[in-house]
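Me: I have a structure open and would like to go through a few of its residues. Could we take them one at a time?
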Amino acid sequence: MAISFDSAFAGHDKFLKFRSDRAAVLANNIANADTPNFKARDISFSSAMSRVQGDAMKMRSTNSKHFDLASSSIREDEDLSYRVASQPSLDGNTVDLQREQAEFAQNSLQFDTSFMFLDRKISSMKKALNGGL
């Protein structure tokens, strides 16, 4: 019987990718907190999730004469949105350093939690393959 990693990991591998991408965006915001006219960005979980669900429900090409579906796929840049500043600075920068640090810490905790679930899934799969040794 073949192991389906997609069902075994229950989406935690994709969640780790999302959290990793979001950490990079938040770190970029923090790094540019003093850059004039820098606009803070974030990745919306709901838009990323709807994109993934949309990819799963896309039509599949079974004939070479069908339209190219890859050209109509959503790019990751479209998941990024500009954050509305609660107090924009005079130089046009919209980064709220305290908010970015809080979002980064929360994202880090969610990454660690998902990593822990994934690690336990892999450990249980290893135990099953080794016969519980």
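Me: Is F111 buried, partly exposed or exposed?
Reply: This is a predicted model. In it, F111 has a relative accessibility of 28%, so F111 counts as partly exposed.

Me: Where do F111 and F115 lie?
Reply: Both are in helix α4, which covers residues 97-130. They are 4 residues apart, about one turn of the helix.

Me: How many aromatic pairs are there?
Reply: The count comes to 2 aromatic pairs. The rings of F111 and F115 are stacked, because their centres are 6.4 Å apart and their planes are at 10 degrees, and planes under 30 degrees apart count as stacked.

Me: Staying with helix α4, is M125 buried or exposed?
Reply: M125, which is placed in helix α4, is buried, with a relative accessible area of 16%. The C-alpha atoms of M125 and A8 are 8.7 Å apart in space, although these residues are 117 apart in sequence.

Me: Changing topic, where is N37 found?
Reply: N37 is in the loop between α2 (12-31) and β1 (41-43). N37 counts as exposed because its relative accessibility is 53%.

Me: What is phi of N37?
Reply: Phi of N37 is near 65 degrees, a positive value in a residue that is not glycine. Most residues other than glycine have a negative phi.

Me: Last one: what sits over the ring of Y82?
Reply: The charged end of R41 does, at 4.5 Å from the centre of the Y82 ring.

Note on methods: Residues numbered from 1 in each chain as written. Predicted model: local features only at pLDDT ≥ 70, side-chain atom pairs only at ≥ 80, totals over all residues. Heavy atoms only, no water. Helix = DSSP H or I, 4+ residues; strand = E, 2+ residues; numbered from the N terminus. Buried < 20%, exposed > 50% of the residue type's maximum accessible area, 1.4 Å probe, protein only. Phe/Tyr/Trp six-rings, centres within 6.5 Å; stacked < 30°, edge-to-face > 60°. Lys NZ or Arg CZ within 6 Å of the ring centre and 35° of its normal.
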